[in-house]
Amino acid sequence: MTFSLTSLIVDAADLESESSFWHRLLGGSITRTATHHFLQIDGFPVIVIQHAPGHVPPQWPDGASQQMHFDLATDDAAIADKRVLDAGGRRLRPADDVVASTQPGSRVYASPAGHPFCVRSA
């Protein structure tokens with residue numbers, strides 16, 4: 001018996017803001033319903049942005065623990081940083097913060113809904 005990944009579910013009070021952020025960052029295509037936005041990226045299962053009206057962004061790293069997060073790799077950290085910020089993300093930790101990650105050179109960001117993710121050198 002084996003499992004295969006079919007989707008990753010991300011809660012957000014604002015479907016459009018969250019799905020547009022991941023779309024601007026990762027590409028792919030979005031299929032929208034009233035309660036879910038489905039982001040299909042070539043070679044990756046669907047990322048589902050699920051409407052959660054009561055979703056409150058986590059206060060990571062100062063309180064609430066994260067339940068899961070994305071890790072992204074890049075060959076140009078400066079361009080990646082600008083792209084994340086231009087897409088609507090925000091920095092949570094700089095690359096030189098040793099608490100940020102066990103991966104040297106990683107930067108920790110948050111999506112518009114407050115979900116943390118890491119960008120590291122490829």
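Predicted model: local features only at pLDDT ≥ 70, side-chain atom pairs only at ≥ 80, totals over all residues.
## Ground rules

Local features here need pLDDT of at least 70 and side-chain atom pairs count only at pLDDT 80 or more, while totals for chains, interfaces and linings use all residues. Residues are numbered from 1 along each chain as its sequence is written, and side-chain values use heavy atoms, with hydrogens and water left out.

Helix α2 covers residues 77–87 (helices are DSSP runs of H or I, at least four residues; strands are runs of E, at least two; both are numbered from the N terminus). Its buried residues (under 20% relative accessible area, 1.4 Å probe, protein chains only) are Ala80, Asp81, Val84 and Ala87. Look down the axis of α2 and these fall within an arc of 140 degrees, so they line one face of the helix; the arc is taken from the directions from the helix axis to the C-beta atoms.

That buried set packs against α1 (15–26) and the strands β5 (70–74), β6 (90–93), β7 (107–110) and β8 (116–121). Turned away from the buried side are Ala78, Ile79, Lys82 and Asp86, which are exposed (over 50%; partly exposed lies in between).

## The ends of α2

At the start of α2, a side-chain oxygen of aspartate 76 comes to within 3.2 Å of the backbone nitrogen of alanine 78. Just after the helix, glycine 88 has a positive phi of about 115 degrees.

## Histidine 115

Histidine 115 sits in the loop between β7 and β8, and counts as buried because its relative accessibility is 16%. Its side chain reaches the backbone oxygen of aspartate 11 at 2.5 Å.

Setting aside neighbours within four places in sequence, histidine 115 is in contact (heavy atoms within 4.5 Å) with Val10, Asp11, Glu18, His55, Tyr109 and Ala110.

Technical notes
Polar contact = N/O pair within 3.5 Å; in protein donor to acceptor, adjacent residues only side chain to side chain.
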